[in-house]
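Morning, everyone. Today I want to talk about helix packing. Please have a look at the structure first.

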Amino acid sequence: MSDTSGNSSKKKFDFNLLTRIFRYAKPYRAKFIFSLVLALVLALLSPLRPLLINQTLMEVNNASALKSIDVLNFLFWITFFQIALLLVETVIRFYFTYLSSWLGHRVVKDMRVHVFEKVLSLNLRQFDKTPIGTLTTRTINDLESINDVFAEGLIPIIADFLSIVAILTAMLYTDWQLTLVCLLPFPILILATYFFKESVNKSFVNVRNAVASLNAFVQEHISGMMVIQSFTAEKKEEQKFNLINQRHRNANIHAIFAYSVFFPVVEVVLALSLGILVWYAATDAFQMDPAEALQTSGKIVSFILLLNMLFRPLRVIADKFNVLQMGMVAGERVMVLLDNPDTLEDSASAKDYPIQGEIEFDRVSFSYDAHVPVLSEISFQASKGQTLAIVGPTGSGKSSIISLISRLYQHQSGTIRIDGKSIDEFSISSLRRGIAVVLQDVYLFSGSILDNLTLRNSEIEMERVVKAAQLIGIHDFIMKLPGGYSYEVMERGATLSMGQRQLLSFIRALLYDPAILILDEATSSVDSESEQLIQNAIEILTSGRTSIVIAHRLSTIQKADQILLLEKGRIVEKGTHKELVNRGGAYARLIELQSHSKNPEVF
């Protein structure tokens with residue numbers, strides 16, 4: 001999976017990307033269109049109050065031609081109308097802001113579900129080369145930035161532009177000469193806005209990159225905390241974290257500096273515009289008679305109000321452009337993930353077949369990397385109900401074989417058959433429903449023991465869970481825990497011992513009643529008491545099922561119907577325990593080596 005977290009470069013605005021993002025707003029297009037209508041209404045309402053103030057002052061200046069009662073009535077109704085207009089504008093602005101945020105959160109919720117579905121469908125090799133923290137950033141942080149495209153980006157920018165156009169139109173309509181005079185300092189503002197936008201955009205890209213690095217670093221090091229503390233590497237890792245954190249801090253400070261310069265510049269430009277307005281109006285007033293000058297006062301007041309209203313969106317529009325740009329950068333990263341073609345999908349002819357348990361490998365070759373073969377020309381067969389044991393040194397390809405059976409990885413050549421059919425003919429869901437894997441490193445999720453046993457499958461009844469636990473021999477232990485089956489285990493089952501976690505994984509496998517059972521070093525790294533329980537559990541689990549057992553302890557596989565000895569991705573010996581011992585080959589030497597070793601796991 002290509003990752004843009006480390007190197008995000010400045011690009012032209014990508015309208016195709018924006019279109020893809022807005023496709024997720026399609027189910028809510030009525031509300032999206034309504035938000036644009038509200039933006040237009042707000043733009044039309046914004047200059048009305050200053051214009052009404054101008055009209056009010058003009059009417060009051062003509063009061064000598066009116067009765068005092070008429071002036072008071074006029075002032076009452078115009079004031080009432082101004083207050084009503086202000087309330088209406090406030091309500092519309094509130095609903096516009098709420099609707100923009102509502103739309104953003106709805107779109108992000110749908111996108112997050114889509115992204116997580118994509119993550120679930122990726123081939124495992126993608127997780128081998130992509131840091132977990134990076135995927136977390138894509139699913140959480142980057143999608144929050146896309147939310148800003150709606151809540152603080154495109155829609156508010158459209159609203160601000162409409163407001164600017166409406167205010168400028170009102171100013172030109174009132175007095176085009178005075179408008180042009182007021183806009184004389186605007187080139188300074190345009191130049192400052194450009195530099196501000198470029199500076200903050202660069203800083204925000206650096207901030208996002210630093211956030212991705214922080215997430216990846218923290219995720220990795222919290223997961224590996226035991227190793228860090230065991231080797232007293234806290235200081236060194238703290239120094240590495242400090243460097244990444246410094247980059248994050250520096251990027252933020254750079255953005256803060258740009259804000260600290262830009263906003264005072266905007267205030268200075270506004271002050272210049274107001275100063276030029278007052279100077280021009282005062283100079284012009286000297287050439288007017290008193291009555292005409294009095295009439296001009298309303299225009300000046302309205303222009304002061306309009307200028308302040310004009311600068312309000314101009315202060316933030318550059319910042320909103322940066323928010324929009326950062327949302328686009330985040331959107332591009334998310335789309336790279338969504339466009340990743342490395343997923344495992346059913347073939348056009350795949351069907352749901354019930355699995356009986358016969359397994360055959362016919363000249364199967366596989367590699368994680370095209371230049372480093374892991375399995376070469378592997379061939380073997382396991383009949384229904386048989387137990388097949390696979391042994392060999394670390395890196396010989398044992399775990400790769402079981403990954404290929406479940407199609408967690410795709411082999412490059414040869415054929416893998418289940419019940420005489422190529423595994424490509426099975427739908428992935430039906431294939432994996434018929435296979436259960438018990439790993440050496442048991443993964444338990446945060447939640448109750450019951451949730452971990454059933455994986456939140458509501459079809460598995462509590463009665464079945466209890467029977468399975470009693471059969472495995474761990475029911476009494478579970479009931480002694482606070483809450484019994486409702487006992488909350490910590491992440492990865494940290495509150496339980498290795499043996500206890502292993503036994504829970506056996507219950508999980510038993511509940512799903514697989515036709516094929518795979519045990520990947522299930523008796524490794526447990527104490528003698530737990531090992532005895534696990535051996536009993538294995539006998540229960542393997543009864544009547546096709547079983548593939550990977551083991552370091554050769555004493556645990558002597559009853560297997562067939563044993564494969566792997567070396568460097570090839571089968572070097574094949575047969576029963578008795579046959580291989582009598583043969584006096586590599587397997588017999590390993591048996592002899594383990595019998596004389598204090599450590600029974602020599603490979």
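At what angle do helix α1 and α7 pack, and how far apart are their axes? The angle is about 100°, and the axes are 11 Å apart. Keep in mind that this is a predicted model. The counting rule puts 65 to 115 degrees in the roughly perpendicular class. That makes α1, residues 15-23, roughly perpendicular to α7.

Who touches whom? On α1, the contact uses Leu-18, Ile-21 and Phe-22. On α7, the partners are Ile-146, Val-149, Phe-150 and Leu-154. By class, that contact has seven nonpolar residues, with no polar and no charged ones.

Stay on α7, residues 141-174. Helix α2, residues 29-45, also meets α7. Here the axes come within 8 Å and cross at roughly 25°. Angles under 35 degrees count as roughly parallel. So α2 and α7 are roughly parallel to each other. The crossing of α2 past α7 is right-handed.

Now the side chains of that pair. α2 brings Phe-32, Ser-35, Leu-36, Ala-39, Leu-40 and Ala-43. α7 answers with Ile-155, Ile-158, Ala-159, Leu-162, Ser-163 and Ala-166. Look at the spacing of those numbers. An α-helix has 3.6 residues a turn, so residues three or four places apart point the same way. In the contact of α2 with α7, 10 residues are nonpolar, two are polar and none is charged.

Next pair, further along the chain. Helix α16 covers residues 462-472, and helix α18 covers residues 498-511. Their axes come within 9 Å and cross at roughly 130°. That makes α16 oblique to α18. This crossing, too, is right-handed.

From α16 we have Arg-464, Val-465, Ala-468, Ala-469, Leu-471 and Ile-472 in contact. From α18 we have Leu-503, Phe-506, Ile-507, Leu-510 and Leu-511. The tally for α16 with α18 is 10 nonpolar, no polar and one charged.

Last, α18 itself. Is α18 largely enclosed or left open by the rest of the structure? Of its 14 residues, 12 are buried, so α18 is largely enclosed. At 1.5 Å a residue, α18 should span 20 Å, and its end C-alpha atoms are 20 Å apart, which agrees. After α18 comes Asp-513, with a positive phi near 45°.

That's my tour. Over to you.

How values were computed. Residues numbered from 1 in each chain as written. Predicted model: local features only at pLDDT ≥ 70, side-chain atom pairs only at ≥ 80, totals over all residues. Heavy atoms only, no water. Axes fitted to C-alpha atoms, helices over the stretch in contact; angles between N-to-C directions. Helix = DSSP H or I, 4+ residues; strand = E, 2+ residues; numbered from the N terminus. Parallel < 35°, antiparallel > 145°, perpendicular 65-115°, else oblique. Left-handed = near helix turned anticlockwise from the far one by under 90°. Contact = heavy atoms within 4.5 Å. Nonpolar A, V, L, I, M, F, W, Y, C, P; charged D, E, K, R; others polar. Expected span 1.5 Å × (residues − 1). Buried < 20%, exposed > 50% of the residue type's maximum accessible area, 1.4 Å probe, protein only.
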